[in-house]
Amino acid sequence: RSGALGDIAELVSPKFCREYLVPVCIKIMNDSVSDVRQAVHSSVAKVLKRLCDGEPGDIEAMLQEVVGCATAPSFQKRQMFAYIAKEVAATGNVGFFEEHLVEPYEKISGDMVANVRLIAAKCMTEGVMKNEVLGRNERLLEVLARLKEDSDRDVSHFAGNPKPRTVDKARVENEELRRLDVEEVAKVMDNVEPAEEEPIQEEQPPAEGTVEGEEPEGEEAEAAAFSPGDVEMTHELEGEPVEQLDDTCEPETDDQPPPETAGEEPQEAD
């Protein structure tokens, strides 16, 4: 477990820490999984404290990695610096903190990313400033004062200066007008009587001999447009009722044979 590296550092020499524990800590600090990186924060602080007891060169690699987090391109690495600084303060390594970590902390307190400033403020109030010596450090007090006046409400809240929530009067008025409009529409809809539904007229089947979708032509079209019932209705309106036409009557045609003349004999064809 990465959290056990700090416990091992307290039991071994600074040289052993530099040769074996520092490379492991640096590798875990650059791990792609956030939970893995967070688990090594306390171990890094303990390893740093142990390295301070050794030769001046023992701490160079670890110090460079930690301080470099404050200016790293990744905002997550910049947040990591605040977490490690909090753990360093918890170990009581005050001299190391004032000498190496105050200036980088000033940088992240003015970071362009609000979440970095938020973590910096949270780590200060929950850890760094609780140390008796660091809590009276003038530079750290200035950092905390700047975070309290941060433009982001959450940052200033975690720095110990919660700002009251401002009310947008224009937005409240617009929401009130919208609510009133909805209520008025509901009242009008309650007073409106439902419209009567018109009966659905059934479509007449097409006449015999016609294809569906085609209009009848010639005599069939006239018969479809002017039925015997229409004739009876027309005469009833004029006061002259007529009998119903018989559909079975065959129409007269001009193809009947001419009448025979008396006294004439039919001529034989040559």
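At what angle do the axes of helix H4 and helix H6 cross, and within what distance do they come? In this predicted model, the axes of helix H4 (residues 41-51) and helix H6 (residues 75-90) cross at roughly 55 degrees and come within 8 Å. The two helices are therefore oblique to each other, and their crossing is right-handed. On the H4 side the contact is made by His-41, Ser-42, Val-44, Ala-45 and Leu-48, which meet Met-80, Tyr-83, Ile-84, Glu-87 and Val-88 of H6. These contact residues divide into 7 nonpolar, 2 polar and 1 charged. His-41, which lies in H4, is buried, with a relative accessible area of 7%, and, apart from neighbours within four places in sequence, is in contact with Met-80, Tyr-83, Ile-84 and Glu-87.

Side chains of opposite charge can pair when their charged atoms come close, and a search of the whole structure finds 8 salt bridges. One of them joins Lys-46 to Asp-7, with the closest N and O atoms 3.3 Å apart; this pair links helix H4 with helix H1 (residues 5-9) across 39 residues. Lys-46 is partly exposed, at 27% relative accessible area, and Asp-7 also counts as partly exposed, at 42%.

A further salt bridge is formed by the side chains of Arg-117 and Asp-150, at 2.7 Å from N to O. Arg-117 lies in helix H8 (residues 114-126) and Asp-150 in the loop between H9 and helix H10 (153-158), so the pair ties together parts that are 33 residues apart in sequence. Arg-117 counts as buried at 11% relative accessibility, as does Asp-150 at 9%.

Definitions and conventions
Residues numbered from 1 in each chain as written. Predicted model: local features only at pLDDT ≥ 70, side-chain atom pairs only at ≥ 80, totals over all residues. Heavy atoms only, no water. Axes fitted to C-alpha atoms, helices over the stretch in contact; angles between N-to-C directions. Helix = DSSP H or I, 4+ residues; strand = E, 2+ residues; numbered from the N terminus. Parallel < 35°, antiparallel > 145°, perpendicular 65-115°, else oblique. Left-handed = near helix turned anticlockwise from the far one by under 90°. Contact = heavy atoms within 4.5 Å. Nonpolar A, V, L, I, M, F, W, Y, C, P; charged D, E, K, R; others polar. Buried < 20%, exposed > 50% of the residue type's maximum accessible area, 1.4 Å probe, protein only. Salt bridge = Lys/Arg side-chain N within 4 Å of Asp/Glu carboxyl O.
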